[in-house]
Amino acid sequence: MKIDLCIRGPALDEIEVEEHTRFEPGGFQVIEEYLYPEFDASSRSGLVREIRKMNSILERAKELWSTNQFRNDQVFDALRLQCFRMITLGISGFDTPVSEMGISELPTTLQSIQDQLVFYHTDSSTLQHQQLSRLLDGAKKFATLNADFDSFDRMQFITQYINPFTTLLLALQKQLRVPVLTNINALNGDIKTLFDENAFNINYFTPDANSFVSESRISLGKRLFYDNILSGNNLVSCASCHKPEKAFTDGLTKSRALASRGFLLRNTPTLINAGLQKAQFYDMRASFLEDQVKNVVENKDEIHGSLKDAAILLTEDLHYKALFQKAYPGSSGVISERQIQVALAGYIRSLTSFNSRFDLFMRGDTGKMNKEERDGFNMFMGKAKCGICHFMPLFNGTVPPQFNTTESEVIGVAATADNKKIDSDKGRYSIYNIPNLERSFKTSTLRNIDLTAPYMHNGAYKTLEDVVAFYEEGGGNGFGFNLEYQTLPEDKLELTDYEKRSLVSFMKTLTDTACVRK
């Protein structure tokens, strides 16, 4: 993965917050910026330097891979992940943000997959190989004939070629009796497509095996979530700010602080898919939900409670004591602070959203999305450049296909929807004091976005149309805020009225009412 970042990572400084260090970017995207949109001869020395660095990295990679042997299950997993990378990072422009050549690269990638499948051709699998080859040939032809970045029909490419291909790939793997890699990575190895309801391994995002999710822990966590017993004044619960009918937000710009007459610093985020990311809070100060639970419960302006005191009270409650013993069999019977954290985190991890109209469409129910919504998806993943930060299918900042890092961005959110003044919140800079992270915030999920207004970390934008208008202008720098480290492209998107409307229509297909009733 580290080599992959060196070769294909974004042309932005890499920040190691724990070491408080910053590394200059390198790789294809840095080289790309030297060459596109046109080559400047005065920068030749810089280009040559980057190419030499790249050659050195590639030589190291070649030596590394030549000394490694791969099992068949690893090969099939790699083929599947490459398909997922194509339909997330490749077609969105993440890998080629300046040249927008990602579509024209697809045939080469598809051919490399086809070349590997030859090694698994047996007499009994001839039919499957023929079907797989037809899909790959069709995909190559489709990408070749429709290589324009803006007009490429990503929805058709995925649903007609890649989804059927990965489905057949899994069938071939099972026929050949090649085991699947599962319970190891963020994605389960036995999924047909990236859009399967059970695509993600929830336990991958826990801090340790002692925090793995179980039905008894989810049930206990849900009861605690709605119970005021965790609060200092016995008047509020987690559900006071995270309301199911609003996709576990509260519909307010900012919630009122419990211990003062003021308001909390930031807007209440949704808990939907909160467990499927590698960082918590807008400023990413917590790595795991367990840590977030402790921070929120003991924050004087939020629940203003004490996990230590709550553990004592819960131990004295016979009903709760029985629930904890069921959730933690073999424990001493004395409820611990950590058990409270794990139970609440387990319930939140159960709040996943993969049954929206979009998901059902991607799984084959083609009546679930109309033309405007499908056009909106293509706009989202293409010209509007939403998909390079809100990564499909989570539509948050957790980066596919490994899903082992979660990104933050500097986009320059204004204080109010009139976009006259930059918001004063310094974001991650307040935690780490690194200049690149000034006004950097975690990329939140767009799942259930139609239920979670107002938007952004400060709740500045009341409607999705407001949000689209912000991005249309190029974020903060588009409005003249002069942010040195803005990561959002600051050029105008130049979307038509229909394109803007289709974007909003698509985002509304991500609503999952079954999920919010959990």
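The side chains of lysine 371 and aspartate 375 meet in a salt bridge, with 2.7 Å from N to O. Lysine 371 and aspartate 375 are four residues apart in helix H14 (residues 371-381), so about one helical turn separates them. Lysine 371 counts as exposed, at 53% relative accessibility. The model is a predicted one, and the pair is one of 20 salt bridges counted in the protein.

**Other salt bridges**

- Side chains of opposite charge can pair when their charged atoms come close.
- Lysine 294 and glutamate 298 also form a salt bridge through their side chains, at 3.2 Å from N to O.
- Lysine 294 and glutamate 298 lie four residues apart in helix H9 (residues 289-298), a separation of about one helical turn.
- Lysine 294 is partly exposed at 33% relative accessible area, and glutamate 298 is partly exposed at 32%.
- Aspartate 95 and arginine 85 meet in a salt bridge of 2.8 Å, N to O.
- A network of salt bridges links Arg266, Asp283, Arg285 and Asp425.

**Aspartate 77**

- Aspartate 77 is placed in helix H4.
- With a relative accessibility of 13%, aspartate 77 counts as buried because the cut-off for buried is under 20%.
- Apart from neighbours within four places in sequence, aspartate 77 is in contact with Leu181 and Asn185.

**Backbone features in loops**

- The peptide bond from proline 400 to proline 401 is cis, with omega near -5°.
- Proline 401 belongs to the loop between H14 and strand S3 (408-410).
- Phenylalanine 403 is also placed in the loop between H14 and S3.
- The phi angle of phenylalanine 403 is near 55°, which is a positive value in a residue other than glycine.
- Phenylalanine 403 is buried, at 0% relative accessibility.
- A cis peptide bond also runs from alanine 453 to proline 454, with omega near 0°.
- Proline 454 is found in the loop between strand S4 (440-442) and helix H16 (464-472).
- Glutamate 494 has a positive phi near 55° and is likewise a residue other than glycine.
- The loop that holds glutamate 494 lies between helix H17 (475-478) and helix H18 (497-508).
- Glutamate 494 is exposed, with a relative accessible area of 60%.

**Overall fold and surface**

- The protein contains 19 helices and four strands.
- Its radius of gyration is 24 Å, close to the 24 Å that the globule rule gives for 518 residues, so the protein is as compact as a globular protein of that length.
- The C-alpha trace spans about 65 × 60 × 50 Å along its principal axes.
- Of the 518 residues, 51% are buried.
- Among contacts with a separation of 6 or more, 65% are between residues 24 or more positions apart.

Definitions and conventions: Residues numbered from 1 in each chain as written. Predicted model: local features only at pLDDT ≥ 70, side-chain atom pairs only at ≥ 80, totals over all residues. Heavy atoms only, no water. Helix = DSSP H or I, 4+ residues; strand = E, 2+ residues; numbered from the N terminus. Rg over C-alpha atoms; globule rule 2.2 N^0.38 Å. Buried < 20%, exposed > 50% of the residue type's maximum accessible area, 1.4 Å probe, protein only. Contact = heavy atoms within 4.5 Å. Salt bridge = Lys/Arg side-chain N within 4 Å of Asp/Glu carboxyl O.
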